[in-house]
Amino acid sequence: MSTQVFEYARGGSGRLADGTWSGSSAPLDADDPLHGEVMQLNMGPQHPATHGVLRLALELDGESMRKVEPDVGYLHRGKEKTCESLGWAKFFPHTDRLDYVQPLLNNCAYALALEKLAGLAVPERGQVIRVLLMELSRIAAHLIYLGTTAIDLGAVSIFFSTFKERENIYTILDAYTGHRMNNTYVRIGGVFADVDEGVEGLVRAFLARLPAEIDGWERMLTGNRIWYDRNRNVGILTREQALAWSLTGPNLRGTGVAHDLRKAEPYSGYEQYDFEVPVGTVGDCYDRYLVRVEEMRQSARIAGQALERLRTTRGAEFLAEDRRYVLPPKDKVHTSMEELIFQFKIVTDLRLPAGEAYHAVESSKGELGFYVVSDGTSAPVRCHIRAPGLMNVQAIPLLAEGRLLSDMVALIGSLDFVMGEVDR
Amino acid sequence: MAGTSEPNATVARVDVALQGIEHAWLATRDGLATLSVAVAQLGAALAALKGAGFESATLVTAVDRLPRAPRFELVHQLHSLAHGARVRVKCTLAEGQEAPTCTHLWPGAAFMERECFDLFGIVFAGHAGLKRLLMPEGYEHHPLRKDFPHHGIEPDRLYREWDQQRRADWHPEGAR
């Protein structure tokens, strides 16, 4: 192994034009036994800082990473193949288990793709309920990001605080949907059941408290010298890089691109809500942190507006009335022969029109899309899940190579992915 | 940021970009501008679309239409944020037929093409490091093909081989 001289330049950007590296640690001294030696290191798949079963094959020179290769697939459960054998309707519980910190967002993305294929419109109340639950899920997912990234970088107490608030969200989701996690609450054409309006007080109390809680976390982190040094100028993405590497969501917005599918391609009535799209300026880990924190505030704003709409649409239909695709209400199933037959047909033999459709929602990780292809029979031809997390994992080498090993922990946290969705 | 532009505007923009490349527009349920090209012209078409401002590859995937021949449909979906436009490019592939890579245009497509190779067995010519993404190294099948059964083919073969090797390594004299 030939020796190579490394410049001490923290905050450098990795590979230089002449093929050498910057951003490295000081080289090991010439009398160090490891001088000039490249060490192979496996980070994961059981490393707590890799946020799931991600394996990173690292080539280390001293403490700087020369080569990074993400190895995914440890959690591959064949979701897309499963959809082909289960059929459209019975795949909903499996979407929960993709990005398992935001099951309702996955449910909605899948339902919207199927509704696009079927040409089905969701009643307003159904859309409002979906928006409310999607925004609460987004806050819950960002709380996981904030808590776990902070604990990885040494700020342990933030973790308890964010998980306490996440617990409050799960209490609300439990009261609304009947489950804390893996809700399977969304159906083709709307949602499974109307929400319990008695929960509104719980949500209002949470939304009233959240901004102050976020301020508290920001006081602990945003101006914190350690947090700033560990995140600022680490993992800088340019706008062009983010686009070419198919990055979306907060990772793209951190580079200054105000692209949010809720604004650019509104679905579920998002055009009627008043909210801002926060963007970063530098595109580093710190910007991505700021973007996500501000997104939580904006999500709380949207959720507050959705509560108002929930009040004005009280008693209205929450499920489309189209017995080709939409399940009949449960009380009618128990009392009417026809509805029982419809229920049976839809559960066992749901047929969507032949053709293909793609629908993407703005999930907490980026553009979560479902590409569904049907041939008119009850067996799906293809259900491709466009997972934003996979693209976030792919970008790790781009940002990590040439940097210190300790930056990897900040990078993994700030790129934000959940392996259930990456591996599908 | 501009909203979604009209499908017709996207079609007109793509038609200009793809001058000299034979392509046909397809009707889809979702109204997303979708065109088909021959696989021989796929590389040129994708390069022209990149030049026309489609700066991001949203997905690269395939559909197995087994009783049909050629069996595979290769799907590239591209996104232009500046124009708020999406376009889907489809081409058909027979089994064993190679497709050109688009990783030199969009590096983000590298994992998507690896996934496509892994699950469908489609080879992308020119892809540096085309290997399995989700299934383990040494696995011999392509699970998303329609002739692959859902319950799997020898799902535990790799584990059994590993286990036998491990036992042989630990107990060379065959004590257990």
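These legends describe close-up views of a predicted model.

**View 1. The side of chain A that touches chain B.** The contact joins 37 residues of chain A to 29 residues of chain B. Both helices and strands of chain A take part. The helices that give two or more residues are helix 1 (79-86), helix 3 (103-118), helix 8 (239-244), helix 10 (261-264) and helix 14 (388-394). The strands that do so are strand 6 (355-362), strand 7 (367-374) and strand 8 (382-386). By class, this side of chain A has 16 nonpolar residues, eleven polar and ten charged.

View 2. The bond runs from B:Ala69 to B:Pro70, with omega near -5 degrees. B:Pro70 sits in a loop of chain B, between strand 3 (56-64) and strand 4 (72-80). Most peptide bonds are trans.

**View 3. A:Asn233, a residue with positive phi.** Its phi is near 65 degrees, and the residue is not a glycine. Most residues other than glycine have a negative phi. A:Asn233 belongs to the loop between helix 7 (225-231) and helix 8 of chain A. A:Asn233 has 18 other C-beta atoms within 10 Å, so it counts as partly exposed; buried would take 20 or more.

**View 4. A:Ser268, with a positive phi in a loop of chain A**. Phi is about 50 degrees here, again in a residue that is not a glycine. The loop links helix 10 and helix 11 (285-312) of chain A. A:Ser268 is buried because it has 21 C-beta neighbours inside 10 Å, and the cut-off is 20 or more.

Notes:
Residues numbered from 1 in each chain as written. Chains lettered and ligands numbered in written order. Predicted model: local features only at pLDDT ≥ 70, side-chain atom pairs only at ≥ 80, totals over all residues. Contact = placed C-beta atoms within 7 Å. Helix = DSSP H or I, 4+ residues; strand = E, 2+ residues; numbered from the N terminus. Nonpolar A, V, L, I, M, F, W, Y, C, P; charged D, E, K, R; others polar. Buried ≥ 20, exposed ≤ 12 C-beta atoms within 10 Å, placed from the backbone.
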